[in-house]
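Me: I would like to go through this structure step by step. Could we begin with the terms?

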Amino acid sequence: MHEKSIAELATALKDGEVSSVELTAHYLRRIETLDDAINAYVTVTGEQAMEAAKAADEARAQGNAGPLTGVPIAHKDIFCTEGTRTSCGSKMLDNFIAPYDATVVARFKAAGCPILGKTNMDEFAMGSSNETSYYGPVKNPWDTERVPGGSSGGSAAVVAGRLAPGATGTDTGGSIRQPAALNGVTGIKPTYGRVSRWGMIAFASSLDQGGPMARTAEDCALMLNVMAGFDQRDSTSIQRPDEDFTKRLNTPVKGLRIGLPKQFFGEGMDAGVARVVDEAIAHYKGLGAEFVEVDLPHSDLSVAAYYVVAPAECSSNLARFDGVRYGYRCEDPKDLLDLYMRSRGEGFGPEVKRRIMVGTYALSAGYFDAYYLKAQKTRRLIAEDFATAFKDVDVILGPTAPSTAFRLGEKTDDPVTMYLSDIYTIAVNLAGLPAMSLPAGFSDGLPVGLQLIGNYFEEARLLGVAHQYQLGTEWCRMAPGGFE
Ligand code: GLN
């Protein structure tokens, strides 16, 4: 059963070939035997999953099934789940039982999807390798000595390892796309505002966006149909009519104009990644797509701008973790200041502290104009580059990450090298555009991801362009050894 995609599982459930109880139990057994090797789940919610599966089967028997009723999924541990620990990968929230469901979680529950568990992640979603998690790193199922990427590395690894048919992720600077690339799965970061951030623990609010991760673009479209939609409780949620994200899956790519940003094809990209991207370009040419070079002249400033804006916002968002209301509290504080200082000092890990310090500095009176304001201006220029490019092309294509999965520990001592993992993904978040990663081949046995970037609200088009590629290639159907 686990080799089936979400679309195939939905059909099998509909045809009565399998029940949700059988399917959910099957996945829970796989998690039990296989997750120790990759550490991708922080919490497994077997009992609740089985109850929800029973309810899904009953709903189906009564004729009340929706498209995904009974398909079990996993949630990144950044989404609040009522009655279940929501740790955000941090000691700070190790004891936090969320009192309510995030909108995304509530929507999947309403759609009848049992929750298998909560996936491991970089602490507060800060990282590109999952090594900043309080629960230890996730290991890449393709090679357990290597990282799965981050911060949604747990979600990517459970999909790659067939420990869930699909999982939710969040992407602030690349955290859906980069781990999707490193694990050989498909993931999409929607347009900023498409998916509600309510109950999704905030890192950098103007960049954070939830999205689906699954085997195929078709599966991502089905999941996005559940996740996306206006939410009154999120002030940046976009009010647009509901859309069916599967509507363009069968649109041929013949005549599609695809832009290749010249800045994405220079130095810095591994030869193996470059070869795979070239092969994907050739495949699309074979399908009748046209390629043109586009210029994104400010994209080389994106990592620098991001590492001012994101820490600035995180320093403000994370101020709420003070040891008073919820989360970690130090032992025997001698006064209030001691309580704040030690609770935060002991509860946060080194990367989170680094970001809070950088952000506080960038926002401080003497430096605000020099750093924060400058970064916001740069952000506008980056968005304008994309607007100009999209006058000429329908989608933009390039690599997702400069390399394949690197070794555990390889980049932990050098934050700047780590930050460069997102060199091709970060500009998209600064501009608020939708973008996805899909598996496009292998280099030395490790998966390589292809990135597609679309104009605002063009998720359905992106998913269609990816689906057309997946119809003619096998990459998205391959499983890592030991997890077949
Ligand atoms: N790797 C980037 C960071 O560390 C992006 C993380 C993310 O998208 N959540 O901030």
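Reply: Buried means under 20% relative accessible area, exposed over 50%, and partly exposed in between (1.4 Å probe, protein chains only). This is a predicted model, in which local features need pLDDT of at least 70 and side-chain atom pairs count only at pLDDT 80 or more, while totals for chains, interfaces and linings use all residues. Residues are numbered from 1 along each chain as its sequence is written, and side-chain values use heavy atoms, with hydrogens and water left out.

Me: Is Arg275 buried, exposed or partly exposed?
Reply: Arg275 is partly exposed, because its relative accessible area is 38%.

Me: Which residue forms a salt bridge with Arg275?
Reply: Glu279 does, with the closest N and O atoms 3.3 Å apart. A salt bridge is a side-chain nitrogen of Lys or Arg within 4 Å of a carboxyl oxygen of Asp or Glu. Glu279 is partly exposed, at 41% relative accessibility.

Me: Where do Glu279 and Arg275 lie?
Reply: Both are in helix α8 (residues 271-286), four residues apart, about one turn of the helix. Helices (H or I, at least four residues) and strands (E, at least two) are DSSP runs, numbered from the N terminus.

Me: How many salt bridges does the structure hold?
Reply: There are 24. In one of them, the side chains of Glu459 and Arg194 meet at 3.0 Å, N to O. Glu459 belongs to helix α15 (residues 459-472) and Arg194 to the loop between β5 (186-189) and β6 (210-214), so the pair ties together parts 265 residues apart in sequence.

Me: Are Glu459 and Arg194 buried or exposed?
Reply: Both Glu459 and Arg194 are buried.
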